[in-house]
Amino acid sequence: MASSLTSIGIVWSLLSLASAVASCVGFFMPYWLLGSQMGKPVSFGTFRRCSYPVRDEERQATVMLEQCGRYASFQGIPSLEWRICTVLTGVGCGLLLLVALTALMGCCISDLISCSIGRVAGGIQFVGGLLIGSGCALYPLGWDSEEVKQTCSNSSNQFQLGSCEIGWAFYCSAGGAALAVLVCMWLACFAGKRQKHYPY
């Protein structure tokens, strides 16, 4: 099977896949912020939440429903900063996934990735990683929303966790973005083979 990638390019394709998978898994999992409410564990993502209070009409009380789900609408996301974070991180994950799939196809298809295509792919990875990194940087600005305060013992604020802690999904997204920006972007410059020019 012919490949359009150099040996560095094959390493680049595998690291690109790892970067995209880490970022996407972190983005979709609702474990960016961990806390508790009414004695039950609660977690938040950018657009999803696990465990939320509901009114139990039989007992005439508010109880915690221990399920994960996304917010009913985009406007239902607790803060403007988290909405922006959702869009930035989602677009960044899409870009990283696009490059990773193209890189994997380059392992099997000859003449798919040239030196110039590799540089463009590295640029796209840089932009994708930068978008995800920006989303991660914006996320703490939403810690002053009412939902988060209720979960963090009413002591959270922007860049102050209160009784909550950062979850593994946040680190997963940030790590994937860092891998894309710091490593994959540079490897992409050396990923493609020089194209043969045939005289006609």
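Gly118, Arg119, Gly122, Gln125, Phe126, Gly129, Leu130, Ile132, Gly133 and Cys136 of helix H3 meet Phe170, Ser173, Ala174, Ala177, Ala180, Val181, Cys184, Met185 and Ala188 of helix H5, where contact means heavy atoms within 4.5 Å. By class, this contact of H3 with H5 has 12 nonpolar, six polar and one charged residues; Ala, Val, Leu, Ile, Met, Phe, Trp, Tyr, Cys and Pro count as nonpolar, Asp, Glu, Lys and Arg as charged, and the others, Gly among them, as polar.

The model is a predicted one, in which local features need pLDDT of at least 70 and side-chain atom pairs count only at pLDDT 80 or more, while totals for chains, interfaces and linings use all residues. Residues are numbered from 1 along each chain as its sequence is written, and side-chain values use heavy atoms, with hydrogens and water left out. Helices (H or I, at least four residues) and strands (E, at least two) are DSSP runs, numbered from the N terminus.

## Helix pairs

Two packed helices are described by the angle between their axes and the distance between the axes. Here the axes are lines fitted to C-alpha atoms, for helices over the stretch in contact, and angles run from 0 to 180 degrees between N-to-C directions.

| Helix pair | Angle | Axis distance |
|---|---|---|
| H1 and H5 | about 155° | 7 Å |
| H1 and H2 | roughly 150° | within 8 Å |
| H3 and H5 | roughly 155° | within 8 Å |

The axes of H3 and H5 cross at roughly 155°, which makes H3 roughly antiparallel to H5, a term for angles over 145 degrees. The crossing of H3 and H5 is left-handed, meaning that the near helix is turned anticlockwise from the far one by less than a right angle.

Helix H1 (residues 7-28) and helix H5 (residues 168-188) pack at an angle of about 155°, and H1 is therefore roughly antiparallel to H5. Their crossing is left-handed, and the contact includes Ile8, Val11, Trp12 and Leu15 of H1 along with Trp168, Ala169, Cys172 and Ser173 of H5. By class, the contact of H1 with H5 has 18 nonpolar, six polar and no charged residues.

With their axes crossing at roughly 150°, H1 and H2 are likewise roughly antiparallel to each other, and the crossing of H1 and H2 is left-handed. Among the residues that make this contact are Trp12, Ser13, Ser16 and Leu17 of H1 and Thr86, Thr89, Gly90 and Cys93 of H2. The contact of H1 with H2 has 12 nonpolar, seven polar and no charged residues by class.

H1 has 22 residues and reaches 32 Å from its first C-alpha to its last, close to the 32 Å expected at 1.5 Å a residue, the expected span being 1.5 Å times one less than the number of residues. Its buried residues (under 20% relative accessible area, with a 1.4 Å probe and protein chains only) include Gly9, Trp12, Ser13 and Ser16, and the buried residues of H1 pack against helix H2 (80-106), helix H3 (115-138) and H5.

H2, with 27 residues, reaches 39 Å from its first C-alpha to its last, close to the 39 Å expected. Trp82, Arg83, Cys85 and Gly106 are among the buried residues of H2, and the buried residues of this helix pack against H1, strand S1 (33-37), strand S2 (40-44), H3, helix H4 (146-151) and H5.

## Individual residues

Gly106, found in helix H2, is buried, with a relative accessible area of 0%. Not counting residues up to four places away in sequence, Gly106 touches Ser3, Ser4, Leu5, Leu112 and Ile113, whereas the C-alpha atoms of Gly106 and Glu57, 49 residues apart along the chain, are separated by 58 Å.

Thr6 is found in the segment before H1 and is partly exposed, with a relative accessible area of 23%, the term covering values between the buried limit and the exposed one, which is over 50%. Thr6 and Phe190 are 184 residues apart in sequence and 7.4 Å apart in space, C-alpha to C-alpha. Leaving aside neighbours within four places in sequence, Thr6 is in contact with Phe190, Ala191, Gly192 and Lys193.

Ser51, in strand S3 (residues 48-56), has a phi near 70°, a positive value in a residue other than glycine, and counts as buried at 5% relative accessibility. Ser153 lies in the loop between H4 and strand S5 (165-166); its phi is near 60°, a positive value in a residue other than glycine, and at 51% relative accessibility Ser153 counts as exposed.

Notes:
Parallel < 35°, antiparallel > 145°, perpendicular 65-115°, else oblique.
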